[in-house]
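Please keep the structure open beside them and find each residue as it comes up.

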Amino acid sequence: MTALPPASRTRRAALVSAMCAGLVVGVTSLTGCSSEDPDAGTNGVGKLPASKIQSKSSKAAQDASAVRLSGTVVSKDHTYTLDMRVKDEGGTGSVTSKGQTFQLLRVGEQLYLKADSEFWTHKKGQGGDGKGAQGDEAAAAKLDGKYVKVPKGDPAYQQLSGFTDKSVLLDGMLTLHGELAKGDRGKTGSTRTIKITGDEGAGGTLDVSLDGKPYPLRLERGGHAGTLKLTDWGKDFRAEEPDKTELVDYGAQLPTS
């Protein structure tokens with residue numbers, strides 16, 4: 001066997017050394033990911049204790065000019081399905097309860113409700129000779145698809161206006177109960193999030209954005225009281241008085257339904 005000249009042996013050793021160095025660098029880059037800072041490029045709230053995350057998230061929500069809330073809310077054994085857009089000056093969207101869907105619109109302090117004729121039908125008028133039911137159906141037909149002004153003195157105003165009030169909705173929805181703790185990191189859509197829980201989840205779970213402002217993005221209410229998504233933070237929308245051709249005003253009290 002012919003021995004390699006000294007120069008060839010030197011070049012071969014250098015090539016082997018370079019290959020080994022490249023392999024080490026490759027392995028190091030694979031294992032090095034675990035040591036990267038998970039908060040790099042985020043808004044930094046993931047480093048904070050759960051109470052501070054909740055505080056910053058609540059402030060970001062209250063400071064936002066508008067938000068959309070969609071999902072379910074369970075209150076007093078009733079389940080409501082919401083799709084509402086709200087801001088300080090008003091709100092608009094839909095609410096479904098007991099199989100009935102109605103639209104709500106608030107402009108300033110004026111609240112309007114729009115529903116189909118079935119929503120307005122007076123069930124208690126049915127029976128007997130049927131004249132009561134027929135009268136109710138005729139009256140309800142006139143309200144089908146119309147905005148009905150809800151007077152401030154009517155009990156329905158207090159019950160329904162809260163669905164259109166940004167501060168009321170956020171104050172009531174975003175509270176976690178029990179001892180707060182940080183949970184896992186994850187994503188809501190394409191947005192990185194950090195989870196905070198109340199009473200290990202029994203008091204609610206909130207996903208807070210790690211990208212941009214620390215907005216709350218998803219809420220699981222404690223006690224199986226519903227799940228809500230919070231989107232379109234800061235995106236304005238139109239909330240204008242309905243046209244007179246679309247409006248019915250009963251004065252001081254709504255018709256009974």
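1. Strands here are DSSP runs of E with at least two residues, helices are DSSP runs of H or I with at least four residues, and both are numbered from the N terminus. Four bridges join β9 to β10, and these strands run antiparallel; two strands count as paired if DSSP finds at least two bridges between them. β9 and β10 make a hairpin with six residues between them, and Gly212 in the turn has a positive phi of about 65°.

2. A word on the basis of these notes. The model is predicted, so local features need pLDDT of at least 70 and side-chain atom pairs count only at pLDDT 80 or more, whereas totals for chains, interfaces and linings use all residues. Residues are numbered from 1 along each chain as its sequence is written, and side-chain values use heavy atoms, with hydrogens and water left out.

3. The chain as a whole. The protein chain has six helices and 12 strands. Of its 257 residues, 34% count as buried; buried means under 20% relative accessible area, exposed means over 50%, and partly exposed lies in between (1.4 Å probe, protein chains only). Among contacts (heavy atoms within 4.5 Å) between residues at least 6 apart in sequence, 53% join residues at least 24 apart.

4. The sheet. The 12 strands form an open sheet with mixed pairing, in the order β7-β8-β9-β10-β11-β1-β2-β3-β4-β5-β6-β12. β7 (180–188) and β12 (247–248) stand at the edges with a single partner strand each, so one side of each has no neighbour in the sheet.

5. Seven bridges join β7 to β8 (residues 191–198), and the two strands run antiparallel. Gly186 has Thr193 as its bridge partner in β8, and Ala181 stands opposite Thr197 in β8. Two residues lie between the strands of this hairpin, where Gly189 takes a positive phi near 65°.

6. Three bridges join β10 to β11, which run antiparallel, and Leu219 stands opposite Leu228 in β11. There are six residues between the two strands, and Gly223 in the turn has a positive phi of about 70°.

7. Which residues other than glycine have a positive phi? Glu200 has a phi near 60°, and His224 has one of about 55°. Most residues other than glycine have a negative phi. Glu200 is placed in the loop between β8 and β9, and with 79% relative accessibility it counts as exposed. His224 sits in the loop between β10 and β11 and is exposed as well, at 78% relative accessible area.

8. Helices against the sheet. Helix α2 (residues 50–63) lies across β7, β8, β9 (205–209) and β10 (216–220), and runs at about 55° to β7. For such angles, axes are lines fitted to C-alpha atoms, for helices over the stretch in contact, and angles run from 0 to 180 degrees between N-to-C directions.

9. Helix α6 (residues 166–173). Its residues Lys166, Leu169, Leu170 and Met173 are buried. Seen down the axis of α6, the buried residues fall within an arc of 90°, so they line one face of the helix; the arc is that of the directions from the helix axis to the C-beta atoms. Their cover includes α2, β1 (66–75), β2, β10 and β11 (227–231). At the start of α6, a side-chain oxygen of Asp165 comes within 3.1 Å of the backbone nitrogen of Ser167.

10. Is Lys87 buried or exposed? Lys87 lies in strand β2 (residues 78–87), and it is buried because its relative accessible area is 11%. A polar contact of 2.8 Å joins its side chain to that of Asp236. Such a contact is a pair of N or O atoms within 3.5 Å; within protein, one must be able to donate a hydrogen and the other to accept it, and residues adjacent in sequence count only if both atoms are side-chain atoms. A polar atom of the Lys87 side chain also lies 2.7 Å from the backbone oxygen of Phe237. Leaving out residues up to four places away in sequence, Lys87 touches residues including Ser65, Arg106, Thr164 and Lys166.
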